[in-house]
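I opened my notebook to keep track of what I looked up here.

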Amino acid sequence: MKKIAKKIGLACLVLALIGIYYYVALPAVNIHSTGFWAALEVIILFLTAISALVQLRRRAVSNVVPIDKKERLLKQLKSVKIGAGLFLITLAVYCIGSILSSPIVNADQYQKLMQVEESDFTQDIKQTNYNTIPLLDKSSAELLGNRKMGSMVDMVSQFEVGSDYTQINYQDMPVRVTPLVYASEIKWLTNQKKGIPAYIRIDMATQNTECVKLDQPIKYSKSEYFNRNIYRHLRFHYPTYIFDDQIFFEINDEGTPYWVCPVKKFNIGLFGGQTVGNVVLCNAITGECTDYAVQDVPNWIDKVYSAELLTELYNYYGIYKHGFFNSILGQKDCLKATNGFNYIALDDDVWVYTGVTSVSGDQSNVGFVLMNQRTMETKYYKVEGAIEDSAMSSAEGQVQNLGYQATFPLLLNISDEPTYFMALKDGAGLVKKYAMVNVQKYQWVAIGDTVKECEKSYTRLLATNGISESTNSDVFESVTGKIKAAAPVVIEGNTHYYIALENKEGVFDVNMSDRSLIQIIQYQPGDTITFSYSKEEDGLHTVMEIQ
């Protein structure tokens, strides 16, 4: 009975240790998961070691073999040989599976993972609406989020802002959203019963930052421990699913927070050709999970494919056109994405933008691609020009005395010209100016304190170089009227004149930092004036040119 009890106790101990390992490491029970094979080898080694120690102790106690001959004994132990054999077999399967899944063997299949459609730039990318383009990058959004959190005195001592900052379309506007997280393990201990009360939402066009307080708190998140940790919650619900390394925090049209969790699909061998096969949608408040096939994902979800995965898939498409060895040796027709990306909102979806260049590392693009983060639809535009790094350096050169740094650019359509648009930030990470750089003629650079001023300078630059016949007629409105009142105001250190016209609604803002508008000081109330302006919804219209 004692022997049976000992065996049962040992079995329970082994099972408990394996359970602890599973609870901590969370491997998927799936042969396509590298974590599964690693866990299998760890378990084999562990069981072999336990078996060897048990037999060693048994023989040592019975004095069958002297204790000082343990090494010779271990070699003779049958269980050790079996364990070593199983370990080597699993290692061999893993190594062979890795080789047979690699581009060395399957370059043609890798090249066909992404379907790329060639399209027309001016047809697909319409004239820009500045109310719907993101003017900030992630690092700028983080500054705004931390600043907003610092003003929330009722929460700042207990919570911090998470690092997600997912860019999505929310009610047709580009925003970044990120949940709050517990400030420390102690803060988690004192607050986890109530959960996380809010998330941060930043309008990337207006820079308006909100801390959205929830009626019901977030109970499932990355900052939770134990069973409410989102990764553990997903694993226990879907033990065989291999979740992508990136899961995305999003909100639906009603502002309810969700976790969008892509499930990896391996299309080539055991471990190769990763795409997305399913998406698990987890309500961050209730923990309720819904499993969707990737083609059935609701339209309000914006991120299924990470930008990194899409870029990797495009590189497979561009590099392996003539096989694996050509990608290393001759490199005929080999193209790759440039070393950065940004996001564009089109048709209520978020698309990843990146340039396309040759693998030789020259400083020019042969075109660019837009890749849909929900559907993986990919469009290629043949537009030759400077790579983004060159455009960023060109913009920084215009303000080199100020030491501003350019963000990775967006691609815009300005007067049917592909144009890089970027923010210029100071050493503290604050946006100070904006720049537009022509893709094909990257020495054409326009700088402005505001987006409208930047565009005004850029359209003038295009007209000067014979690209556009008119600088403003298609973009701005024109008005003529008598000045009813004029008043100077100072905004962020710059003098503006606010002008009211008789029988005209709204107020017209003349920025005196624009030298082309300095003539406004010659006008008095009662004078007739004509100018073009950018109409704004809040009634404070920006004057672009005095005619």
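Predicted model: local features only at pLDDT ≥ 70, side-chain atom pairs only at ≥ 80, totals over all residues.

**Entry 1: Lys379.** I looked up Lys379 and found it in strand β16, residues 378-381. Strands here are DSSP runs of E with at least two residues, helices are runs of H or I with at least four, and both are numbered from the N terminus. Is Lys379 buried or exposed? Lys379 counts as buried because its relative accessibility is 17%; buried means under 20% relative accessible area, exposed over 50%, and partly exposed in between, with a 1.4 Å probe and protein chains only. I then listed its contacts, leaving aside neighbours within four places in sequence: Lys379 touches Glu117, Ser119, Asp124, Trp351, Phe368, Val369 and Leu370. Contact means heavy atoms within 4.5 Å.

**A note on the source.** Residues are numbered from 1 along each chain as its sequence is written, and side-chain values use heavy atoms, with hydrogens and water left out.

**Entry 2: two positive phi values.** Most residues other than glycine have a negative phi. I noted Tyr165, which is not a glycine and has a positive phi near 45°. Tyr165 sits in the loop between β2 (159-161) and β3 (166-170). At 3% relative accessibility, Tyr165 counts as buried.

What is the phi of Gln171? I found a positive value of about 55°, again in a residue that is not a glycine. Gln171 is in the loop between β3 and β4 (173-182). Gln171 counts as exposed, because its relative accessibility is 52%.

**Entry 3: the whole chain.** I stepped back and found 13 helices and 27 strands in the protein chain. Of its 547 residues, 49% count as buried. The C-alpha trace spans about 115 × 60 × 45 Å along its principal axes. The radius of gyration is 31 Å, whereas a compact globule of 547 residues would have one near 24 Å; the radius is taken over C-alpha atoms, and the globule rule is 2.2 Å times the number of residues to the power 0.38.

I also looked at contacts between residues at least 6 apart in sequence: 53% of them join residues at least 24 apart.

**Entry 4: charges.** How many positive and negative side chains does the protein chain have? I noted 50 positive and 59 negative, with the centres of the two sets 18 Å apart. Lys and Arg count as positive, Asp and Glu as negative, and His and the chain ends are not counted. Each charge is placed at NZ of Lys, CZ of Arg, CG of Asp or CD of Glu.
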